[in-house]
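Hi,

Here is the model I said I would pass on.

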Amino acid sequence: MQNLRWKLITIAGVFIVFAGVGVFIALQWNGMNSASRVVVTLGTGFAAFVLAMLSARDARFTGAAMPLLLVAAALEPTGMFVAFDEYGSGGDWRWASLITTGTMAVQFGAAFGSLRRSTPLFLVILFAALFWWTALDLTDIGDSAVALIMGGSMLLAAIGVDRTGHRSITPVWYLLGAAAFLFGFFDAVEGSPAEIAFLAVAAGLVYVSVVVHSRTLLFVATLAILAYTGWFTGQHFADSVGWPIALIAFGIFMIALSALAVRIDRLYVRGVASQAP
């Protein structure tokens with residue numbers, strides 16, 4: 001208990017220092033030259049990264065490693081964008097984003113290889129996703145295709161990580177991956193005869209949530225089914241005699257689907273997960 005208290009104090013101290021640095025930068029920003037702006041952002045972020053790596057190897061300061069990595073993840077990309085803005089000659093901002101996110105993914109990938117902790121792994125997935133999203137956007141293949149590819153990739157990454165000791169970071173990626181995939185699919189089929197297939201895809205994700213024991217994925221898939229049903233009735237039954245009947249039917253459907261989702265969660269997601277060794 002005492003160790004936990006000191007870890008929380010250490011984490012709070014790191015974030016207070018970060019807040020102080022942020023306030024200092026904001027107050028002095030207009031008076032700084034280009035080099036100073038890069039140093040106080042990129043330099044401070046890199047210093048935080050080095051301190052995080054050193055802290056992770058000292059039992060007395062392990063509690064500071066996670067917040068320092070988060071500080072580095074915030075300041076280093078900011079500093080790189082500042083450097084591009086101050087010393088660049090214009091051009092497509094996506095190339096600057098590609099270089100920045102790629103560099104950060106490699107850096108935190110090396111950190112994860114050394115530390116084997118969840119925080120750098122989370123940051124690797126974050127910057128890798130941003131890198132590939134930007135790269136796909138540069139190919140002009142369309143927002144729907146990008147969302148489908150990246151959503152599916154994040155879901156696969158979450159499923160892979162879920163089988164390791166770092167499963168605590170997966171709910172965020174189940175949420176973002178499922179939301180992106182469903183958005184991309186709906187955007188691709190909206191207004192076409194294949195539009196109804198959206199319900200099949202969402203129902204498929206409900207099944208996947210049972211297989212991987214993810215309550216987050218179950219929540220997103222169930223919400224997608226409810227949202228599509230509400231949108232469909234509004235599009236096809238509004239301003240008609242059948243609209244009140246459609247509303248009643250939709251309400252009953254919501255109640256039934258919610259009860260089903262709770263039952264699936266209790267019997268197949270939470271129940272099976274609690275029995276796992």
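The axes of α2 (residues 34-56) and α4 come within 11 Å of each other and cross at roughly 10°; axes here are lines fitted to C-alpha atoms, for helices over the stretch in contact, with angles from 0 to 180 degrees between N-to-C directions. That makes the two helices, α2 and α4, roughly parallel, a label for angles under 35 degrees, while over 145 is roughly antiparallel, 65 to 115 roughly perpendicular and the rest oblique. On the α2 side, Phe46, Phe49, Met53 and Ala56 meet Gln107, Phe108, Ala111, Ser114 and Leu115 of α4, contact being heavy atoms within 4.5 Å. The residues of this α2-α4 contact divide into seven nonpolar, two polar and no charged. (Ala, Val, Leu, Ile, Met, Phe, Trp, Tyr, Cys and Pro count as nonpolar, Asp, Glu, Lys and Arg as charged, and the others, Gly among them, as polar.)

Before you go further: this is a predicted model, where local features need pLDDT of at least 70 and side-chain atom pairs count only at pLDDT 80 or more, but totals for chains, interfaces and linings use all residues. Residues are numbered from 1 along each chain as its sequence is written, and side-chain values use heavy atoms, with hydrogens and water left out.

As for α4 itself, residues 93-115 give it 23 residues and a reach of 33 Å from first C-alpha to last, close to the 33 Å expected at 1.5 Å a residue (that is, 1.5 Å times one less than the number of residues). Arg116 sits in the loop between α4 and α5 (118-138) and is exposed, at 55% relative accessible area. (Exposed is over 50%, buried under 20%, partly exposed in between, with a 1.4 Å probe and protein chains only.) Asp140 also has a positive phi, near 60°; you'll find Asp140 in the loop between α5 and α6, exposed at 61%.

The other pair I looked at is α6 (residues 143-162) and α7 (residues 170-189), which pack at about 155° with axes 7 Å apart. So α6 and α7 run roughly antiparallel. The residues of the α6-α7 contact divide into 16 nonpolar, six polar and two charged.

Overall, the chain has ten helices and zero strands; helices (H or I, at least four residues) and strands (E, at least two) are DSSP runs, numbered from the N terminus. Buried residues make up 38% of the 277 in the chain.

Cheers
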